[in-house]
Amino acid sequence: MTPNALIEIVNVGFQYIGAEKVALKNISLSIQKGEVVAIVGHNGSGKSTLCKMLNALLLPAEGYVTVEGMDTCDEKNLLEIRRRVGMVFQNPDNQLVTTIVEEDVGFGPENLGIKPSEIRTRVNEALQEVEMTEYAEKASHALSGGQKQRVAIAGLLAMQPEVLVLDEATAMLDPRGREEVLSTVRKLNRERGMTVVMITQFMEEALGADRVFVLSEGRLVMEGTPREVFNERTLLEESRLDAPAFVKLRDELIAAGLPVSHEAMTCDTLADELVRALQAQTENN
Amino acid sequence: MPIIIEQLSHTYLPGSQLAYPALGDVSLTVQDGEFLGIIGHTGSGKSTLIQHLNGLLLPTVGSVLVDGLDTREKKLRKQIRSLVGMVFQYPEYQLFEETVERDVAFGPKNMGLSEEEVAPRVEEALRLVGLNPSEFSEKSPFELSGGEKRRAALAGILAMRPKYLVLDEPMAGLDPLGRREILALIESLRLDYGTGIVMVSHSMDDVAMFADRIAVLDKGSLFMVGSPEDVFSHSAELLDMGLNLPQATQLVRALRERGIEIQKDYFRMEELALDLIGRWNHDR
């Protein structure tokens, strides 16, 4: 076992009943405490299946998954694993269970049998973390998509999880809602050291991760920093994926002879480097 | 003939305490064969607007004429719905038949076409969306992958051979290649069949790349309609509305903030790349 590994996935294989193809084949990877990991892959690549293995919603047919050393196949670990691994799903309308925001956030800890005064404290803190305190007594159905996802995150925080797993949690949101959810998650990682696993179809979102895992046809085909992964343009395309737009532009500029480094992958970093290159040149003339 | 939207207002639950004005005084024409992009923040009225295009919603005030047919005329509605195909968000959730073939045939059958007329349409529609009929016709729609389901749902609309195709976030949830495939399909419908396209999207890059004109909705009103160049030269206003900018436009702004003068408001990466490479070569 890797030191500090929060989640270990070892030689995992899985096939849905009646399916022609295997959903996952021989996947091994580990997720360290405090890191942000992105899992990307085409539709049907096995991302969501893998994600559901992390809190025992699905159990591996081959291999095993452990969370803080606890095997997900061992039924007596179930409650502890589910408390530690909080999941946010794609559809904001499918995750809130009660009508009032703060009741929804308190639902999880209540189920854990925590005493009411402690629940109160946790709910207040969790709503504060996701910046939804002013909506505590509002009706949850009237919130925007981004707000609903943040309330869902607060509901998980109230259970004091070790890791947040976002299964395409921004896919159905508009750009503002996406940014709300992403900045909430980034803040939780930065300030509380929350481990984050993000499954996403937006390559730009994966740029913010410490490591990126690429799945294709149920196999793990690449693993590395965003810089490493998004430099493998051919392999990405073979996996039905694509590099972020600024990475593609950067490569085109490099090919044309501009002195831009491979570190530039976002709008701001690329702009900084371009300014440096263009200004240095003007001064030389 | 075009779709003419004239001084359209729509209020949900009019006359009740919950009355909610969703659209106010929108006038807009969808030209034959054009690609009109519709952008706007959540709650700006985009969905309300597009549901007027085939009479799913009717104007509270104003009118919508599809090739001269008024959507308020109940007896014209069937004809209007065969002219205007509507693809909602996540259309694969609406698949329901036992086989792909029967699902795709549902629309044209409903139009009153005979079996003989329906069969070639189903085959054509499946080919258009890239699902080989001999492989997919007899499959259950529920066996398909996410991307295939989306395309099967789209085929169901195309089998009605609509003159206009209205799509609400057709690429949502698809992988990058799946997104490109759907966009290429939409583009080929326009080029090969002259289908008019109305597409609602949060992806400014996709709209910038494909739309002839873009309509910008803000809080139920039409803020502007114009070419991508016109629209994305209003970047400050768009950001204020909570909208994104195409990535090329974002980089232009970032470079200007850093003191680089760029005259043109680029909205396509290729053009910005040429400009930057030109500068570099010119200065040498």
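Confidence comes first here, since this is a predicted model in which local features need pLDDT of at least 70 and side-chain atom pairs count only at pLDDT 80 or more, while totals for chains, interfaces and linings use all residues. Chain A has an average pLDDT of 93, and 99% of its residues score at least 70; pLDDT is the predictor's confidence in each residue, from 0 to 100. Within chain A, the lowest mean, 89, belongs to α11(A), and the highest, 98, to strand β9 (residues 211-216). For orientation, residues are numbered from 1 along each chain as its sequence is written, and chains are lettered from A and ligands numbered from 1 in the order in which they are written.

Now to the overall build of chain A. It holds 11 helices and 10 strands, where helices (H or I, at least four residues) and strands (E, at least two) are DSSP runs numbered from the N terminus. The C-alpha atoms fill a box of roughly 75 × 45 × 35 Å along the principal axes.

One residue to look at is F202(A), in the loop between β8 (195-199) and α7 (203-206) of chain A. F202(A) counts as partly exposed because it has 17 C-beta neighbours inside 10 Å. T170(A) is 32 residues away from F202(A) in sequence, with 9.0 Å between their C-alpha atoms.

Next, the strands. In chain A, an open antiparallel sheet has four strands in the order β2-β1-β4-β5. Its edges are β2 (24-32) and β5 (70-71), each with a single partner strand, so one side of each has no neighbour in the sheet. Strands pair if DSSP finds at least two bridges between them.

| Strand pair | Bridges | One bridge pair |
|---|---|---|
| β4(A) and β5(A) | two | V67(A) and M70(A) |
| β1(B) and β4(B) | five | S9(B) and V61(B) |
| β4(B) and β5(B) | two | L65(B) and D70(B) |

In chain B, β4(B) and β5(B) form a hairpin with two residues between them, and D67(B) in the turn has a positive phi of about 45°.

Chain A is assigned two domains, domain 1 (5-243) and domain 2 (244-285), with bounds from an automatic or database domain assignment. Their centres, taken over C-alpha atoms, are 34 Å apart. Eight residues of domain 1 are in contact with seven of domain 2, contact meaning C-beta atoms, placed from the backbone, within 7 Å. On the domain 1 side, α8(A) gives the most, with four residues.

Finally, how many residues does each chain bring to the contact between chains A and B? Chain A brings 33 residues and chain B brings 31. On the chain A side, α11(A) gives the most, with nine residues. That side divides into 17 nonpolar, 10 polar and six charged residues, with Ala, Val, Leu, Ile, Met, Phe, Trp, Tyr, Cys and Pro counted as nonpolar, Asp, Glu, Lys and Arg as charged, and the others, Gly among them, as polar.

Key: Buried ≥ 20, exposed ≤ 12 C-beta atoms within 10 Å, placed from the backbone. Contact = placed C-beta atoms within 7 Å.
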